[in-house]
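Please read it beside the model.

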Amino acid sequence: MKLTKFFIMGLFFGIVLTKAEVVSWFRIQEMFHFQSIHMFGIIGSAIAVGILTTTIIRVFKLKTIKGETIKLEGKPFNKVGNLVGGSIFGLGWAMTGACPGPLYALLGAGYYSFFFAILSAMFGVWVYALLKPKLPH
Amino acid sequence: MIEWLSQPWPWYVSGPLIGLMVPLLLFLGNKQFGISSSLRHLCAISLPHKPEYLRYNWREYSWNLALVLGVIVGALLAVILLKGNQTPDISLKTKEMLLNWNITDIKGLSPISVFGLDQIVHLKNLILIIGGGFLVGFGTRYAGGCTSGHAIMGLSLLNFGSLVAVIGFFIGGLLMSHIILPMILGL
C-alpha cells in the first residue's frame, strides 16, 4: 500500500526523535539557555545533510523512484506571518517543550497529557483558520 | 544490536538521521518534509463548521497522517524496545536552573510533576499544556511550518522565508524560556 512507506518513515522519525531526546522538555530549556551543544548540533547537522542531499538532487537532476522530477521550490515568503507566526510558535515550543513532531512522539512515549496539547493545537489551527482573512501575512 | 541502540544517541548521529528524512521523502514520494500541516488535516477531517482555510480535499495529504501515526508508534517502540525514556544527560547549569524553577523530578524525557496526566489539574500545568498547545497550533499555521517544515526542510532549500520563521521560533522561545516560563512555574 502507498501509505505504508510513509508510516515506516514515521516509525523511523519517531524512534530518532525519542532517542535523540529532541522530545525532551529538559533539552528544549537547555537549548533556549544555550547551555549545551546537543540541540544545536542536531538541528545544524540535520540541515547540513538536507542542504547536501538537496544540492546533489539539484545538480544531478535526480528523479524519484517513480521517475518523476523532484519538486524543490521552497515556501513563499510571508513577511509578517513568518516572523510573528514563528514567534507565537516559539512561545508554545518553549512551554510544552515540543514542536509538532514531538507532540505526537510524546503521546506515543506514554506522556498522555500531550493528547490534550494536540487537541489544543488543533483548536489553535481552527482559530487561525477563522482569523486568517483578517490577519496580515 | 538492541543493546547498542538502547544507549543514548549522540547528537552527531541523531542529527544526520533526522536530516535524512528530507531526501527519503523526496525520493520515495516527492513530498517535502513537514509535520505541522497534519494538525490542519486533522481539523479538516474532524470539524463540522469549516472556514475556507480548512475546506480542501485532505485525502490528498493522507501520506502526512500516515507519517504522524508512524511517529506515535515509533516513539512507543523506542520506549519499549530501546530504553527511550532515559533521562537526558543535560548540563549542570540546566539542572541548577530547573531546581531554581522548583522542577525537582529531573527524570525521564519530561518532568512528570508538570506533564503527568494527573498533574493537569494544577493551573500552571494546565496553562503550559493547553496554552502551549494552542500557541504551537496557531503559530505553525500562521508561520506556514514548524521545526521540520521550516528549520529542516526550508533551510535545506536555503529558503529566505524559512530563515525568518526560524528567527521567529527563537524570539518566541527565548522570551518564554527566560522570562514568562519562570513566572508561570512560580504560580
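Which element gives the largest share of the lining of the second largest cavity? The answer comes under the last heading.

## Basis

This is a predicted model, in which local features need pLDDT of at least 70 and side-chain atom pairs count only at pLDDT 80 or more, while totals for chains, interfaces and linings use all residues. Residues are numbered from 1 along each chain as its sequence is written, chains are lettered from A and ligands numbered from 1 in the order in which they are written, and side-chain values use heavy atoms, without hydrogens and water.

## Interface of chains A and B

Chain A has 110 residues in contact (heavy atoms within 4.5 Å) with 133 residues of chain B. The buried area is about 10,500 Å². Buried area here is the accessible area (1.4 Å probe) that two parts lose on being put together, summed over both. Carbon and sulfur atoms give 77% of it.

Between the chains, 34 residue pairs are in polar contact, both residues at pLDDT 80 or more. A polar contact is a pair of N or O atoms within 3.5 Å; within protein, one must be able to donate a hydrogen and the other to accept it, and residues adjacent in sequence count only if both atoms are side-chain atoms. On the side of chain A that touches chain B, α4(A) gives the largest share, 17 residues. That side divides into 68 nonpolar, 30 polar and 12 charged residues. Nonpolar means Ala, Val, Leu, Ile, Met, Phe, Trp, Tyr, Cys and Pro; charged means Asp, Glu, Lys and Arg; the others, Gly among them, are polar.

## Largest pocket

The largest pocket has a volume of about 850 Å³. On a 1 Å grid over the protein atoms alone, a pocket is an open set of points with protein on both sides within 12 Å along at least five of seven lines; lining residues have an atom within 4 Å of a point. There are 32 of them here, and the closest to the centre are K75(A), Q32(B), S37(B), Y61(B) and G144(B). The lining has 10 nonpolar, 14 polar and eight charged residues.

## Cavities

A cavity is a set of grid points where a 1.4 Å probe fits but cannot get out. α9(B) gives the most, with four residues.

The second largest cavity has a volume of about 50 Å³. α9(B) gives the largest share of its lining, three residues. K75(A) and Q32(B) are among the lining residues.

Conventions
Helix = DSSP H or I, 4+ residues; strand = E, 2+ residues; numbered from the N terminus. Points joined across faces, edges and corners; volume = space filled by probe spheres on them.
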